[in-house]
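Here's a quick briefing to read with the model open. Have a look at the fold, then go through the points below.

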Amino acid sequence: MSQDRSETPRADCLVDEEGRLTTTVRLPGAAHPGLLLRPRPKKGGPQEPGHRLELRPLAEHHWRAVLEPAPLLAEGRWDAYLLEGPGDEGERLRPGLLDLRALQRGRTPGRTPTPLAVRVPYTTRDGFLAVRTWLRAPHAEVDTLRVRDDAMTVRGRLFGARLADGATVRLVRRGADRAVRESPLHHDGGHGFSLTADYRDLLDERGTGGGGRPAYWDLHLHPAPDGPRARLGRLLDDVAERKSVFVYPSTDLDGTPVRPYYTVDNDLAVVVGEAR
């Protein structure tokens, strides 16, 4: 049975610079309400236990719950439910005011705890409240992306590790063969980096499935030859789902379109041969 959104309570959310999430709900006549963040199960997977927060009285008919920076929530999407009392299965909440200004101020490598934990409240496609979370160690944050002619240039910062001599960026094609291309990486000896990826290096590897199907390349930064890799993506702002918001131009190379894009997880990738 579908839920009547006209009668669903609204929740205001505030995220501060430390990642603390404060939720306020207006509930006339409530006694012992709670807030449940329930992880959205993966396709075909079981429903995992949620994280319950106590709603405490704030003012007349208003209740507040605070999710502190710890514990860390697993990476994924968490749907918000109102619990009227013990034993209640919960009712989906609708978003009210989402104050995410602190997220736009960014974070500083070397001063941010590891793993990098990000929480972004957002409105789902069906109009309910959810929280997108990331948990990355290390993480390569994309600050700027520019498309010029037959290449793209990326500038960013590395969190959770330091860049050493021999650091590289590898473009890895999805699929059984997982072809790899390396792109030169420039860094300042600290956390800042830049790279320019030449699209023509990817042209002879398109059509992995035959029949002219597109090829998808994911970008990974390797801070050191023997260190853990970091996925390139844009997580440190107030955009929970970038894929349909930030759309980059396609470059035509010998009749083959190539363009960068953000995945459903806000990770950076390149698609070659996609029909528009």
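In the hairpin of E1 and E2, five residues sit between the strands, and Gly 19 takes a positive phi near 90° there. Strands here are DSSP runs of E with at least two residues, helices are runs of H or I with at least four, and both are numbered from the N terminus. Keep in mind that this is a predicted model: local features need pLDDT of at least 70, side-chain atom pairs count only at pLDDT 80 or more, and totals for chains, interfaces and linings use all residues. Residues are numbered from 1 along each chain as its sequence is written, and side-chain values use heavy atoms, with hydrogens and water left out.

**The hairpin and its sheet**

- E1 (residues 10–15) and E2 (residues 21–26) run antiparallel and are joined by five bridges; two strands count as paired if DSSP finds at least two bridges between them.
- On E1, the covered face holds Ala 11, Cys 13 and Val 15, while Arg 10, Asp 12 and Leu 14 make up the uncovered one.
- Zooming out, E1 and E2 belong to an open sheet of five strands, ordered E5-E6-E2-E1-E9, with mixed pairing.
- The edges are E5 (56–59) and E9 (94–99), each of which pairs on one side only.
- Neighbouring strands of this sheet are turned by 30° against each other on average, direction ignored; the axes are lines fitted to C-alpha atoms, and angles run from 0 to 180 degrees between N-to-C directions.
- At the E5 end, three bridges join E5 to E6 (residues 62–67), and the two run antiparallel.
- Arg 56 stands opposite Arg 64 in E6.

- E18 is mostly covered, with seven of its eight residues buried; buried means under 20% relative accessible area, exposed means over 50%, and partly exposed is in between (1.4 Å probe, protein chains only).
- Six bridges tie E14 (residues 168–173) to E18 in an antiparallel run, and the bridge partner of Arg 170 in E18 is His 220.
- E18 also runs antiparallel to E22 (residues 268–272), with four bridges, and to E19 (residues 230–233), with two bridges.
- His 220 turns up again here, as its bridge partner in E19 is Arg 231.
- Tyr 216 lies in E18 (residues 215–222) and stands opposite Val 271 in E22.
- Is Tyr 216 buried or partly exposed? Its relative accessible area is 27%, so Tyr 216 is partly exposed.
- Not counting residues up to four places away in sequence, Tyr 216 touches Val 172, Arg 173, Arg 174, Tyr 261, Val 270, Val 271 and Glu 274; contact means heavy atoms within 4.5 Å.
- Tyr 216 and Gly 175 are 41 residues apart along the chain, with their C-alpha atoms separated by 8.6 Å.

- Ser 194 is found in E17 (residues 192–198) and counts as buried because its relative accessibility is 14%.
- Beyond its neighbours within four places in sequence, Ser 194 is in contact with Val 154, Arg 155, Pro 184, Leu 185 and His 186.
- Asp 143 has its place in E12 (residues 139–148); its relative accessible area is 30%, so Asp 143 is partly exposed.
- Leaving aside neighbours within four places in sequence, the contacts of Asp 143 are Arg 155, Gly 156, Arg 157 and Arg 234.
- The C-alpha atoms of Asp 143 and Leu 236 are separated by 9.1 Å, and the two residues are 93 apart along the chain.

**The whole protein**

- The secondary structure comes to one helix and 22 strands.
- The C-alpha atoms fill a box of roughly 65 × 45 × 30 Å along the principal axes.
- Of the 276 residues, 47% are buried.
- Among contacts between residues at least 6 apart in sequence, 62% join residues at least 24 apart.
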